[in-house]
Amino acid sequence: YRAFDMADVLTEVVIGDGVVTLGEGAFYCAVSLERVTVGASLATVEKEAFLSCEKLTDVYYAGNAEDWAQIEIAAQGNAYFTAATKHYGADTQ
């Protein structure tokens with residue numbers, strides 16, 4: 001099961017303000033994904049949202065480190081997302 005047809009060519013995604021939850025498998029097998037920009041409204045990242053996103057190295061987050069720490073991120077299948085370098089105060093517009 002592939003979440004979307006562009007999974008192997010998508011290198012960057014912006015998840016704007018207003019998005020509260022990234023659902024299970026949201027970016028499953030997005031094997032070329034390198035950067036994710038996330039709005040400060042994000043509260044939950046469900047399991048396997050970033051499964052197989054081995055090239056993910058940078059997450060740009062609109063909030064600060066304290067806000068980031070409040071996001072509930074499922075451990076299963078999100079290791080690349082949680083290990084990526086965080087850049088706080090990002091513009092999501």
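Which residues touch the most other members of the largest nonpolar core? They're F27, L33, V36, V45, F50, L56 and F81, out of 20 residues in that core. A nonpolar core here is a set of buried Ala, Val, Leu, Ile, Met, Phe, Trp, Tyr and Cys residues joined through side-chain atoms within 4.5 Å, and buried means under 20% relative accessible area, exposed over 50%, partly exposed in between (1.4 Å probe, protein chains only).

This is a predicted model, where local features need pLDDT of at least 70, side-chain atom pairs count only at pLDDT 80 or more, and totals for chains, interfaces and linings use all residues. Residues are numbered from 1 along each chain as its sequence is written, and side-chain values use heavy atoms, leaving out hydrogens and water.

**Aromatics**
- F27, F50, Y61, W68, F81 and Y88 form one aromatic cluster; rings of Phe, Tyr and Trp (its six-membered ring) pair if their centres lie within 6.5 Å, with planes under 30 degrees apart counted as stacked, over 60 as edge-to-face and the rest as tilted.
- The whole structure has 5 aromatic pairs.
- One of them, F50 with F81, is stacked at 4.4 Å centre to centre, with 0° between the planes.
- F50 is buried at 0% relative accessible area, and F81 is buried at 0% too.

**K86**
- K86's side chain does reach the backbone oxygen of F81, at 3.3 Å.
- A polar atom of that K86 side chain also lies 2.6 Å from the backbone oxygen of A84.

Key: Polar contact = N/O pair within 3.5 Å; in protein donor to acceptor, adjacent residues only side chain to side chain.
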